[in-house]
Amino acid sequence: MGDAGCVHFASYVKEYGYEPYSYVHGYFSACVNKEARLRKALSCLCYKCGSSGPQLYCCLHCIYFACKGAHITEHYKHTKHFMALELCYGMLYCYQCRDFIYHSKCQTIAERHLCLEARSLDKSLSWRPWSPSRLEIELLLKNPKRRHVTALTSIGLRGLLNLGSTCFMNCIVQALIHTPLLRDYFLAELHECTAKTAAKCLVCEVSRLFQEFYSGARGPLSLHRLLHLIWNHARHLAGYEQQDAHEFFIATLDVLHRHCKTSMKEQAAKAAAAAAAAAAAATDKSKSSSSSTQPNSHQPMQHSGSNYLQQQGVAQQDGAGALAQSGPNALPLSTAGNQSQGGANTATGTANQAEPNQTQCNCIIDQIFTGGLQSDVVCQACNGVSTTIDPFWDISLDLGESSNGQGGYGGPPRSLIDCLERFTRAEHLGSSAKIKCNKCNSYQESTKQLSMRTLPIVASFHLKRFEHSSLIDKKISTFISFPAELDMTPFMSQIMSDQQQQQSAVPHSPSSSSSSFNERTGGANGSSTGTSLNSDSTARLPVDKNTADFRYSLYAVINHVGTLDAGHYTAYVRHQKDIWVKCDDHIITTATLQQVLDSEGYLLFYHKKILEYE
């Protein structure tokens with residue numbers, strides 16, 4: 001079947017045109033406005049049995065509603081009306097072809113109706129399968145040769161030259177290149193940059209690297225342009241001495257985030273300027289038409305003004321949405337390890353009501369890497385709670401001896417799960433770190449507990465193997481086991497709250513030093529002090545624990561071999577399903593999953609297995 005659809009539909013269009021299809025789809029399938037939803041609720045009933053579904057068809061010849069199967073077939077046999085519209089998914093059905101059909105113009109009409117429906121209901125567009133644009137179709141026709149990806153393909157694998165102690169950068173680049181959603185974003189060329197900033201834009205350089213990696217070439221690449229851009233935008237990393245891979249990872253995300261935000265602001269400014277120009281043109285047109293209209297012709301003038309206001313409202317909403325997406329972060333994004341438990345730094349969130357944050361950026365970096373860390377600080381005198389939620393890009397986990405023996409063990413952790421349990425364990429801050437409680441109006445001792453309010457698509461963990469003190473700097477080479485599949489459910493704020501509520505229901509000794517989590521989170525006996533970030537990525541309400549999935553799959557591991565003074569970074573990355581490779585600068589070799597799990601591990605990258613579509 002060609003792009004124009006079946007010959008029967010062509011004859012139908014010749015006789016009736018597209019108006020019946022547009023009317024039926026806009027009122028009884030997509031429902032473009034409130035009136036359409038009302039008409040559908042009152043009219044969409046099978047004329048044969050009075051049922052509303054589960055799947056209704058509408059005859060495009062006479063607007064006859066009938067159930068799928070015998071009722072609509074009976075109507076066709078009786079009237080010979082062969083074109084019908086399936087109302088649930090908006091698909092055309094030809095009874096002479098006995099199949100669903102496709103028509104490009106009808107598809108365009110349907111997409112326009114779906115956009116109007118989404119705007120009317122103030123919701124995002126429902127998921128639709130990918131369809132190539134006109135430009136993509138032209139490129140596919142001009143380049144008929146295809147690259148077939150097989151299990152043994154090397155497309156996407158390139159070695160990276162060491163430019164002089166730059167193995168730390170090579171490993172981070174390999175991990176980012178093999179991040180699935182980041183790869184899809186850049187290979188789809190979704191990043192747009194202005195000509196003035198393109199030469200200095202790190203995002204443009206990363207986009208070029210993705211094109212190089214997946215070009216099919218096999219020779220090693222030089223990252224001198226990327227290194228130069230990083231030096232310009234992160235001065236503390238300039239120079240040829242060995243740098244910390246984790247520090248470079250955070251700096252790279254920060255620069256990418258800032259450049260994406262700048263690009264989004266420029267696009268929003270262009271959109272606002274275009275909307276203003278369109279509004280000015282509409283105003284001039286309205287004035288010219290009103291000056292040529294007779295004084296007693298009030299109705300056409302009111303109609304024209306109504307359309308103008310609607311256009312203005314749509315333009316303002318679109319501009320506001322674009323500007324909201326490009327808003328700055330209220331808090332500097334950093335590692336969650338900077339909010340480690342204990343010490344003076346943890347006594348900052350002392351107010352009963354945390355300050356709400358500004359709109360979070362919605363760039364591709366924040367969409368993939370940003371999560372929300374919840375911190376509950378509880379006053380030991382009145383059980384008042386201060387809850388803050390801070391964005392994070394990765395979680396730094398201590399490997400040394402525990403500062404106290406509460407919560408299960410006091411020795412060093414042996415696994416990633418041990419590290420996460422210690423990270424989310426309630427800790428008494430002590431008399432040296434008293435906070436001022438607004439409820440008590442005095443400085444009181446407190447406890448603090450961290451948990452995951454929201455999780456990013458990519459969860460990255462930093463095992464703090466480098467210990468720096470005033471006496472000695474050393475590397476912690478303790479083996480920390482980590483799984484190929486990780487379930488983060490036990491560390492979610494909502495799950496931990498439910499567990500604490502169950503424990504608090506069991507009678508316990510009043511001398512217990514830890515208060516119930518129900519009180520800390522503003523339960524029946526505690527003060528309600530919860531707050532949330534006002535953003536898309538970290539401020540959404542807690543997901544239903546019965547439907548959310550917090551399982552992750554390992555896809556990259558960065559290792560450091562050697563000592564603190566003389567070491568080398570290597571990386572394991574998952575090239576395809578169950579296929580791992582080791583990246584040692586310009587040398588790429590195959591590896592097994594067991595070799596990955598037996599490695600020391602410095603930075604661990606996990607990708608969410610199931611993505612919730614929003």
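Let me start with helix α15, residues 416-423, where 6 of the 8 residues are buried, so the helix is largely enclosed by the rest of the structure. Buried here means under 20% relative accessible area, with exposed over 50% and partly exposed in between, using a 1.4 Å probe and protein chains only. Helices (H or I, at least four residues) and strands (E, at least two) are DSSP runs, numbered from the N terminus.

This is a predicted model: local features need pLDDT of at least 70, side-chain atom pairs count only at pLDDT 80 or more, and totals for chains, interfaces and linings use all residues. Residues are numbered from 1 along each chain as its sequence is written, and side-chain values use heavy atoms, with hydrogens and water left out.

Back to α15. Its buried residues are L416, D418, C419, L420, R422 and F423. What covers them includes β6 (371-379), β8 (395-398), β12 (446-454), β13 (458-464), β16 (485-487) and β21 (603-608). In the loop between β8 and α15 sits S415. That serine counts as buried because its relative accessibility is 16%. Contact means heavy atoms within 4.5 Å. Leaving aside neighbours within four places in sequence, S415 is in contact with I480 and S481.

Two of those covering strands, β6 and β12, also belong to an open sheet of 4 strands, in the order β7-β6-β12-β9, with antiparallel pairing. The edge strands are β7 (385-392) and β9 (427-428), each pairing on one side only. Two strands pair if DSSP finds at least two bridges between them. Between β6 and β7 there are 8 bridges, and D376 stands opposite T387 in β7.

Next, helix α8, residues 180-187. Its buried residues are P180, L182, Y185 and F186. The cover over these includes α7, α10, α14 (364-369) and β21. After the helix comes E189, with a positive phi near 55°.

A nonpolar core is a set of buried Ala, Val, Leu, Ile, Met, Phe, Trp, Tyr and Cys residues joined through side-chain atoms within 4.5 Å. The largest one has 60 residues, and those touching the most other members are I365, F369, I558, Y569 and F605. Again leaving aside neighbours within four places, I365 is in contact with L182, L253, L256, H257, T370 and W393.

A cavity is a set of points, on a 1 Å grid over the protein atoms alone, where a 1.4 Å probe fits but cannot get out; lining residues have an atom within 4 Å of a point. Grid points are joined across faces, edges and corners, and a volume is the space filled by probe spheres set on the points. The whole structure has 2 cavities of 30 Å³ or more. What lines the largest, at about 80 Å³? The lining is V173, L176, I177, V206, L209, F210, L226, F248 and T252. By type, 8 are nonpolar, 1 is polar and none is charged.

Last, two hairpins. Strands β18 (567-576) and β19 (579-584) run antiparallel, joined by 5 bridges, and R574 has W580 as its bridge partner. With 2 residues between the strands, D578 takes a positive phi near 65°. Strand β19 is also joined by 5 bridges to β20 (587-591), again antiparallel, with D584 opposite I587. That hairpin has 2 residues between its strands, and D585 in the turn has a positive phi of about 55°.

Definitions and conventions
On a 1 Å grid over the protein atoms alone, a cavity is a set of points where a 1.4 Å probe fits but cannot get out, and a pocket is an open set with protein on both sides within 12 Å along at least five of seven lines; lining residues have an atom within 4 Å of a point. Ala, Val, Leu, Ile, Met, Phe, Trp, Tyr, Cys and Pro count as nonpolar, Asp, Glu, Lys and Arg as charged, and the others, Gly among them, as polar.
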